[in-house]
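Please look at the sequence and the structure as they come up, and I shall then go through them with you.

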Amino acid sequence: MNSLELTQCIVNALLLSGTLALVAIGFSIVWGILNIINLAHGAFLMIGAYITYWLFTLYGVDPFLSLPISMILLFIGGYLVQRYLINFVIRAPLLVTFLLTFALEIIIMNLAVVFWKGDLRSVTPSYAGMGFALGEVQVPYVRLAAFILSLILTGLLHLFMTYTKMGNAIRATGMDIDAAKLQGVKIGHTYAVTFALGAALAAAAGSLISISFPIDPTMGGAYTLRAFVICVLGGLGSIPGVMMGALLYAFIEVFSGIWAPSLKDAIALLVLVLVLIVRPTGIAGKAFYH
Amino acid sequence: MNVEEKKAPIRITRFDGLFRGRQRLLSGLSGVLFAFLFIFPLFASGFWLNTLTSLLLLAAMAEGWNFIGGYTGYAAFGNVAFFGIGAYGTALSMTKLHWPFFPGMIVGVAAAVAFAIVFGLPILRLKGHYFAIATVALATATGEVANSWTSFTGGSAGITLPFFHPMQLSGQYFYYLSLLLVVFGLFLTWYIMKRKLGYSWVAVREDEEAANMMGINTTWAKVTAFALSAVMAGFAGGIYAYWRTFVLAEEVFKIDYTLQMILATVFGGPGTIFGPFIGAFIYYILVTILVFFLPIGQLHATLLGTIIILVMVFTPKGIMDFISGKRKLTWRALLENVRIYRV
């Protein structure tokens, strides 16, 4: 590998890390606050990607403009799922919520395959293939824009969690549910909003992914697993931690994809198992949600 | 923990009498089922014999999952790795070493058990979600290695095994072999649950730290549970390989198998001797037969997902409680779970 390829790989990994951070942050707040692993996270991401695809294909809506639409729709969907389904069993043993969200993923994926077919599709706006060159290194516009938007959304989430009443309620619930109740926080509503935020962030990530990569109904599972690995690498519940985790993971993925393409996922997963064995609560440990 | 700990009432399987109360009905039901299963090949063949063989293999794997997931309370989501390793071990020793089936199967099971011990020792230190995902990751990674290590496993071309002779008896042969495995699993469960090892599994499930304080070697307990679930899945994988005469990584490492064994156990009742066995039947009746007769096209995964959600919300401890009359099937009983665990 010469230095040009190396630089290109580093740039690719950096650009990838933004979107991956967005995927993982939604997953991380749901895990941190609600203490459930949302296995349907990737399925929400897939729906977000398809909303962008259909808005673009049927009505010619610019993919970046469809971002708020998919976020709002998934926010509503996520709120309803949590409020009227998961809230009923939220404190049950791990296996129950695990299988419940797994079943949700199965249903969403199956419906998507039946109604939208299993074909690979891509969103191709006029500027899709364009980019600029930094020296010899190619930087595609859409991936740069996705990276920047991811950072903006992450920043907005941080501001929301720190400066709004709802955000404080969410954090308080994550820290101590009884104390939060005593302060008048409505737990059912707060949980639903948290889950809805996670779904909306997944949708945003899905919309951004659909512009740079081809999409299909089964794309979600891989992203759920990635989100988990990133949360473990970065530690649960801290936004900077998740971003560091995403950066680390993006480098592992890009470089193992070059040296051993067929073992790409295996390497990432073995890194996960190794990290867990050495540091059972992730590299950064637990942060502010706990 | 940020979520309020509110434990369900402790349930410890009755060890003192196998044929008492709930266990009596479960074993009665199982007796009828076994009589039926034993004579089944006399009047059926082809499709139904194959379906029943798959069902029995699932029941055997569910019995294995019950050791780690049901009795020991560790949500293992990667047990398909043992199935796949058992299948590959059998296939490789039969094709590369030209060994007969039984020694080959032993190699497969030994490989699965070795895998369970080597990886179980570190990952069984993890708890809850971390353990669950670590097992998923391990199973997925193992499948991917099997798929890409072309020189050893044949890669995506798979391995073709020799056929069973005589051909016309093949259906019955594998059917009875699977039945034998299921009976072995039931006996093993019953035998262990009468002994100290069984008690230590339940102790780990109820409170691992307290169990440790009481002098139970929790690491030993967890690793044996994990390794014994590998024994069951490894045997099932070996039988599967020779029965289908074809092993492919994408097929034998499918996460669907893990899901099926968990669902079978949960449907029947985790932490009971006959639960996984009965649950495998319920699962198959719901999925295979319902889908076979219902005109719902490609929506059967949606149907399966809906069934899982309903079971998880209303009867996460299995439906055997209702069948055995331990609890009456009322709206109140169905909503009990929601009443305890909702926010």
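How many helices and how many strands are there in chain A? Before I answer, please note that this is a predicted model. Chain A contains eleven helices and two strands.

I turn next to overall dimensions. Along the principal axes, the C-alpha atoms of chain A occupy a box of roughly 60 × 50 × 35 Å. The radius of gyration of chain A is 19 Å, and this agrees with a compact globule, because a globule of 290 residues would have a value near 19 Å. As for burial, 53% of the 290 residues of chain A count as buried. The contacts within chain A may also be of interest: of those between residues at least 6 apart in sequence, 77% join residues at least 24 apart.

Let me now move to the contact between the chains. Chain A contributes 42 residues to it, and chain B contributes 39 residues. Which helices of chain B each supply at least two residues of the side that touches chain A? They are helix 4 (101–123), helix 5 (128–148), helix 14 (300–314) and helix 16 (331–341). Helix 5 of chain B gives the largest share of that side, with 13 residues. Sorted by class, the side of chain B that touches chain A comprises 24 nonpolar residues, ten polar residues and five charged residues.

That concludes my presentation, and I thank you for your attention.

Note on methods. Residues numbered from 1 in each chain as written. Chains lettered and ligands numbered in written order. Predicted model: local features only at pLDDT ≥ 70, side-chain atom pairs only at ≥ 80, totals over all residues. Contact = placed C-beta atoms within 7 Å. Helix = DSSP H or I, 4+ residues; strand = E, 2+ residues; numbered from the N terminus. Nonpolar A, V, L, I, M, F, W, Y, C, P; charged D, E, K, R; others polar. Rg over C-alpha atoms; globule rule 2.2 N^0.38 Å. Buried ≥ 20, exposed ≤ 12 C-beta atoms within 10 Å, placed from the backbone.
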